[in-house]
Amino acid sequence: MLHYTCDLCGQKVEERRFIARLEVYPSFDPDEITEEDLDNDNLSEISELLADMELTGELNLDSVEPKSFRFDLCRECCRSYVKDPLARHRLGRMRFSEN
Ligand SMILES: [Zn+2]
């Protein structure tokens, strides 16, 4: 029998496994550069790239490449995941601590 571990808490998932799928892709033509792109302050994008580079060990300049994720979750983690799939509570906390 296959054993799975929860991708969030790392615990073994015995029987009730939940699968979360996530797809990210641009809804526009990635090759088209708009005036907005040029006006934008790209600092946050660059810091994202740097963080990504630390994780993967490589620099991925094409940050708009479609990505799909698949996570195995235990019941507990699935419950909290569906409440906040984008982890917005973490962003909220960060903003609060800045004040
Ligand atoms: Zn879990």
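These legends go with a set of close-up views of a predicted model.

**View 1. The whole chain, for orientation.** The protein chain has four helices and four strands. Start at the N terminus and the elements come in the order β-β-β-α-α-β-α-α. Of the 99 residues, 13% are buried. The chain exposes about 9,200 Å², and carbon and sulfur atoms supply 51% of that area. As for how the chain meets itself, take the contacts with a separation of 6 or more: 72% of them come from residues 24 or more positions apart.

**View 2. Four cysteines hold the zinc ion.** Here the SG atoms of Cys6, Cys9, Cys74 and Cys77 coordinate the zinc ion, at 2.2 to 2.3 Å. Follow the donors along the chain and you get the spacing C-x2-C-x64-C-x2-C. The angles that the four donor atoms subtend run from 105 to 116 degrees, so the arrangement is tetrahedral. For reference, the ideal angle for four tetrahedral donors is 109.5 degrees.

View 3. Cys6 and Cys9 both coordinate the zinc ion. Cys6 has a relative accessible area of 3%, so this residue is buried. Cys9, at 39%, is partly exposed, because that value falls between the 20% limit for buried and the 50% limit for exposed.

**View 4. Helix H3 has a buried side and another side with exposed residues.** H3 spans residues 75–83, and Cys77, Cys78 and Tyr81 are buried in it. These three cover an arc of only 100 degrees around the axis, so they sit on the same side of H3. Look to the other side of H3 and you'll find Glu76 and Lys83, both exposed. The buried residues of H3 pack against two strands, E3 (18–24) and E4 (67–73).

**View 5. A closer look at Cys78.** Which residues does Cys78 touch, once its neighbours within four places in sequence are left aside? Cys78 is in contact with Phe18 and Leu73.

Conventions:
Residues are numbered from 1 along each chain as its sequence is written. This is a predicted model: local features need pLDDT of at least 70, side-chain atom pairs count only at pLDDT 80 or more; totals for chains, interfaces and linings use all residues. Side-chain values use heavy atoms; hydrogens and water are left out. Donors are N, O and S atoms within 2.8 Å of the metal (3.2 Å for Na, K and Ca); water is not among the atoms, so sites may look incomplete. Four donors count as tetrahedral if all angles lie between 85 and 135 degrees; four count as square planar and six as octahedral if opposite donors are over 155 degrees apart and all others between 65 and 115; anything else is irregular. Buried means under 20% relative accessible area, exposed over 50%, partly exposed in between (1.4 Å probe, protein chains only). The arc is that of the directions from the helix axis to the C-beta atoms. Contact means heavy atoms within 4.5 Å. Accessible areas come from the Shrake-Rupley method with a 1.4 Å probe; for residues, only the protein chains shown count as cover.
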